Amino acid sequence: MPRVVRNVMSNIVRMSFSIEASLMKRFDALMQESGYENRSEFIRDMIRERLVLHSWQGDDEVLGTLMVVFNHHTRGLTERLVTIQHEHDATALASTHVHLSHHLCAEMILIRGRADDVQDLAQSIRHQKGVFHAGLILSSTGQEIGRL
Ligand code: NI
């Protein structure tokens, strides 16, 4: 276990830990390659990244961006995409529509909700006839990882 020292004057704790020299070398190389100037900031961001990844597996609230590419000539599809957004527990906050070609449209939908509800909404859209691709990017609402 790492040693943890709490600074009573602030909310910051200091910690020290043991690590193999070869692993530390790779860590420092990755840190520099990633544009970080100090280990503390790099480790803090790594921890946040893990917390966000973890939140996607449970019922934590997440923010998702769903990019849908579909054929707008498919009968009833546009209406079905709207109905699906109304019917799910996750909330579609905003969407942007782009006309890609004569047949194809792309829609980007920003979704907020429990991780499994957001993934459920994405899956429902993915299964519609005429939808060629629905890529979901999950992020955090920031409440668990915020700096404040
Ligand atoms: Ni369009």
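**View 1. Spacing of the nickel donors along the chain.** In this predicted model, the residues that supply donors to the nickel ion follow the pattern H-x1-H-x5-C along the chain. The three residues concerned are His97, His99 and Cys105.

View 2. The nickel ion is held by atom NE2 of His97, atom ND1 of His99 and atom SG of Cys105, at 2.0 to 2.2 Å.

**View 3. The hairpin of β4 and β5.** Strand β4 covers residues 91–99, and strand β5 covers residues 104–114. A hairpin of 4 residues links β4 to β5. The two strands pair in the antiparallel sense, and 8 bridges are found between them. Two positions illustrate this pairing. Ala94 has Leu110 of β5 as its bridge partner, and Ser95 stands opposite Ile109 in β5. In general, the strands of a sheet pair through backbone hydrogen bonds, in either a parallel or an antiparallel manner.

**View 4. The four-stranded sheet.** The strands β4 and β5 belong to an open sheet of 4 strands with antiparallel pairing, arranged in the order β4-β5-β3-β6. Strands β4 and β6 (131–140) stand at the edges of the sheet. Each of these edge strands has a single partner strand, so one side of each is left without a neighbour in the sheet. On average, neighbouring strands of this sheet are turned by 15° against each other, direction ignored.

**View 5. The second largest pocket.** This pocket has a volume of about 160 Å³. The residues that line the pocket are Leu51, Val52, His54, Ser55, Asp60, Glu61, Ser140, Thr141, Gln143, Glu144 and Ile145. Helix α2 (residues 39–55) contributes the largest share of the lining, with 4 residues. Sorted by class, the lining consists of 3 nonpolar, 5 polar and 3 charged residues.

Conventions: Residues are numbered from 1 along each chain as its sequence is written. This is a predicted model: local features need pLDDT of at least 70, side-chain atom pairs count only at pLDDT 80 or more; totals for chains, interfaces and linings use all residues. Side-chain values use heavy atoms; hydrogens and water are left out. Donors are N, O and S atoms within 2.8 Å of the metal (3.2 Å for Na, K and Ca); water is not among the atoms, so sites may look incomplete. On a 1 Å grid over the protein atoms alone, a cavity is a set of points where a 1.4 Å probe fits but cannot get out, and a pocket is an open set with protein on both sides within 12 Å along at least five of seven lines; lining residues have an atom within 4 Å of a point. Grid points are joined across faces, edges and corners, and a volume is the space filled by probe spheres set on the points. Ala, Val, Leu, Ile, Met, Phe, Trp, Tyr, Cys and Pro count as nonpolar, Asp, Glu, Lys and Arg as charged, and the others, Gly among them, as polar. Two strands pair if DSSP finds at least two bridges between them. Axes are lines fitted to C-alpha atoms, for helices over the stretch in contact, and angles run from 0 to 180 degrees between N-to-C directions.
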